[in-house]
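This report describes selected side-chain arrangements in a single protein chain. The sequence and the structure come first, and the description follows.

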Amino acid sequence: MRMLMVGAGGIGGYFGARLLEKGEDVTFLVREGRKKKVEEEGLRVNSRHGDLHLQPALLTKTMEAEPFDIVLLSTKAYQLEQAIEDIRPFVGEQTMILPLLNGIAHIEQLVSAFGERAVIGGLCFIETTIGEDGSIVQTSPIHQLVYGERGGERTDRIQKLKSHFEGTKAEFVLSEDIDQDMWHKYMFITAMSGITSLMESPIGPIRKLPSGQSAIRSLLDELEAVMTEIDAPIKKGIAAIQLDKVNSMDDSMKSSMQRDMEKGQGIEADHLQGHLIEKAKQTDIPVPVLETVYTKLKLYEESHKAKK
């Protein structure tokens, strides 16, 4: 099975390297600058699960190649439009597209570009970053990729994909209900990124304050109310389950959005919080905490643009 990883950054680079380590046929679609660096120095992964130093096959968007069996996307939402155009030459009639983006709005974008059948569901749980030397640094115990047919069918192609993912030194999980899994992660990441970015604090100090605990609970309740109203495939009472999860996290936990803001980088406000605000407007569901979070994020974006 020929696999194309879009990018060789923290997520795509890590999971692609693990598949390559196992012996799978993996190619990385990269920019010219990244291609030159990897050609010169190799693809290096520093991980608590074992370090890697590999020399992978590389493509740029201007090069030619036969369509791949599967394309794994792990871009930021604001990079998706360009990524769609970059992968078009490498997508054939039988190509599966496995997105690992946060949120849910990207599914519609990908279906519009490549058709309903091409797009399967996916998400991941991992903490990675790119070190100053260009290596992929992975420090968390969790390095899980979850995937499945949207709708839950156990098709021949998903069973074949499972056989290629198995035995990799990372956790590849074929989901029983990837649609629900994606919506549950969407709720969690929207709340976590929103509350930590709004308060400019790790989660610990926020939740120790009664007012902070109340804000987290209220935001999760708002998200559940909107998702329920639009018939998203979520469990009843998921807000309470996710509040317990938030309260069990390490005090020092920061969201990736918060870290991006601290570095002056782009964020996914419209893709995460903004998408649900639009749904709330359409259904007349009040979301005052979510709107407060979104206002903070949009003010940051305006300031970020002004500094460019």
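## Aromatic pairs and their cluster

Rings of Phe, Tyr and Trp (its six-membered ring) are taken to pair if their centres lie within 6.5 Å, and planes under 30 degrees apart count as stacked, over 60 as edge-to-face and the rest as tilted. This is a predicted model, in which local features need pLDDT of at least 70 and side-chain atom pairs count only at pLDDT 80 or more, while totals for chains, interfaces and linings use all residues. Residues are numbered from 1 along each chain as its sequence is written, and side-chain values use heavy atoms, with hydrogens and water left out.

The structure holds six aromatic pairs. In one of them, the ring centres of Phe-15 and Phe-172 are 5.7 Å apart and the planes stand at 75°, so this pair is edge-to-face. Phe-15 belongs to helix H1 (residues 10-22) and Phe-172 to strand E10 (residues 171-174), so that the pair links parts of the chain 157 residues apart; helices (H or I, at least four residues) and strands (E, at least two) are DSSP runs, numbered from the N terminus. Both Phe-15 and Phe-172 are buried, a term that stands for under 20% relative accessible area, whereas exposed stands for over 50% and partly exposed for values in between (1.4 Å probe, protein chains only).

The rings of Tyr-147 and Phe-165, with centres 5.0 Å apart and planes at 85°, are likewise edge-to-face. Here strand E9 (residues 136-148) contributes Tyr-147 and helix H5 (residues 156-165) contributes Phe-165, 18 residues apart. Tyr-147 is buried at 1% relative accessibility, and Phe-165 is buried with a relative accessible area of 1%. Together with Tyr-14, the residues Phe-15, Tyr-147, Phe-165 and Phe-172 form one aromatic cluster.

## Helix H4

In helix H4 (residues 105-114), the buried residues are His-106, Ile-107, Leu-110, Val-111 and Phe-114. Seen down the helix axis, they fall within an arc of 135°, so they line one face of H4; the arc is that of the directions from the helix axis to the C-beta atoms. On the other side of H4, Glu-108 and Ser-112 are exposed.

The buried residues of H4 pack against several elements, including strand E6 (68-73), helix H3 (80-87) and helix H11 (270-283), where contact means heavy atoms within 4.5 Å. H4 is followed by Gly-115, whose phi is positive, near 100°.
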